[in-house]
Amino acid sequence: MLLVMILLLVGLMALSVPVAVAIGLAGLVGVAAFSNLPLIVLPQQAFIALDKFPLAAVPFFILAGNLMAAGGISRRLVDLVESLIGNTRGGLPATCIVVCMIFAAVSGSSVATTYAIGAILIPAMVVQRYPAGFASSLQATAAELGVIIPPSIPMILYGVAASAPVGDMFVAGIGPGFLIAAALIVFVLVWSRFCFKPGDMPPKQKPPFLMSLKRSVFALFMPVLILGGIYGGVFTPTEASIVAVFYALVVSMFVYREMRFITMVDVLKRSALSAAIIMFIISMAGLFSFILTRAGIPTAISQWIVENFNSAFMFLLVVNVLLFVIGMFVETSASIVVIAPILAPVAAQFGIDPVHFGLIMITNLALGMITPPFGVNLFAAAAVGNVSLHRMIPYLVPMVGVILLCLALITYFPMISLGSLYLFGIR
């Protein structure tokens with residue numbers, strides 16, 4: 001049963017069938033051919049997969065990110081960071097990473113981060129004579145922070161799928177997010193010093209710091225409001241997503257006055273489409289997971305892993321290799337919803353904290369967003385930078401290596417993830 005469903009799933013995706021449709025058709029075959037369940041179970045389980053309160057945060061965080069991009073909030077964040085480090089050697093690429101980290105603290109989406117920040121900084125880096133392939137690769141990689149820095153849509157999905165506290169996941173994401181951001185900044189500074197030859201281009205003038213700070217006060221307060229409210233217990237992550245939308249809308253329309261009614265309609269359309277795609281994937285993945293669970297496949301896989309790997313070290317190594325391969329071919333949200341209910345209980349048998357394991361899964365699967373053949377960040381950055389993928393790959397490979405190094409540290413040093421939980425008194 002499992003083999004047939006997986007082969008069908010892979011075959012359909014190879015034929016460019018949308019991921020959600022491929023998962024749903026594989027689930028349909030599983031019910032019709034390998035069980036005596038009535039077909040009415042298909043819509044029932046698809047609805048049950050979506051009938052979870054934390055999932056309400058997904059469309060609102062997507063909308064908040066799009067409002068930030070359209071309302072001038074993201075551009076003001078770029079100006080502020082650039083006023084601090086913009087004219088140093090490698091300062092513009094470092095600006096890209098820092099702004100992606102700040103933007104991620106509200107949007108929760110890597111693709112939204114790619115479009116919002118990439119539209120500003122990829123052309124700016126090209127003007128400063130950075131190779132277009134480098135600029136686009138860096139933007140795609142830095143935007144990965146959108147799913148690691150809290151709040152994060154994949155963290156919400158993992159919390160729902162693995163019954164892990166979403167609030168704890170958010171707090172635990174701080175350490176890995178800062179680690180990856182710091183590692184990328186070190187990489188671009190070293191690369192800019194030893195590999196980048198800017199020619200005779202004069203250094204770009206930094207924007208005045210005080211002016212940039214004044215213009216970006218409301219933009220800076222947004223992540224403080226959202227994250228402070230979550231960690232301070234003022235509102236839940238789901239409620240925080242609505243606060244983020246309301247704040248971004250008010251600032252964009254009445255403070256910065258860059259949002260018009262026509263623009264807002266376009267933002268709503270794009271946000272609704274993005275949210276619908278994710279929700280469709282979640283519902284079909286929930287159906288797929290239900291069929292596998294009813295057939296006892298997760299239990300069988302758990303027993304096989306426990307019998308063949310007698311240490312947490314080997315288990316995590318094998319899981320990371322598996323997730324890296326899966327992430328290259330399957331969309332991150334679908335991977336989390338299908339795989340987390342299978343692997344999280346096994347990880348618990350090895351004494352691995354579920355929150356720590358969630359950060360390992362999310363960090364690893366996020367690599368799939370920047371690796372061919374289905375890297376969504378890769379395609380988004382290529383479109384924004386108007387550059388072909390083959391020009392990005394030489395620059396992308398060392399950046400993936402940096403993320404893999406960070407993943408190894410996150411995997412085998414749990415305090416990178418869990419330390420913030422103790423710091424905030426949650427553990």
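Visitor: Phe 315, buried or exposed?
Guide: Phe 315 is buried, at a relative accessible area of 1%. Buried means under 20% relative accessible area, exposed over 50%, partly exposed in between (1.4 Å probe, protein chains only).

Visitor: What is this built on?
Guide: This is a predicted model: local features need pLDDT of at least 70, side-chain atom pairs pLDDT 80 or more, while totals for chains, interfaces and linings use all residues. Residues are numbered from 1 along each chain as its sequence is written, and side-chain values use heavy atoms, without hydrogens and water.

Visitor: What is the mean pLDDT of the chain?
Guide: The mean is 84, and 95% of the residues reach 70 or more. pLDDT is the predictor's confidence in each residue, from 0 to 100.

Visitor: Back to rings. How many aromatic pairs?
Guide: Eight. Rings of Phe, Tyr and Trp (its six-membered ring) pair if their centres lie within 6.5 Å; planes under 30 degrees apart are stacked, over 60 edge-to-face, the rest tilted.

Visitor: Why is the pair of Phe 221 and Tyr 247 tilted?
Guide: Their planes are at 55°, so the pair counts as tilted; the centres are 6.0 Å apart. Phe 221 is partly exposed at 43%. Tyr 247 is buried at 13%.

Visitor: And Phe 315 with Phe 357, why stacked?
Guide: Their planes are at 20°, so that pair is stacked, with centres 6.1 Å apart. Phe 357 is buried too, at 0%.

Visitor: Which residues form a cluster?
Guide: Ring pairs join Tyr 130, Phe 134, Trp 191 and Tyr 395.
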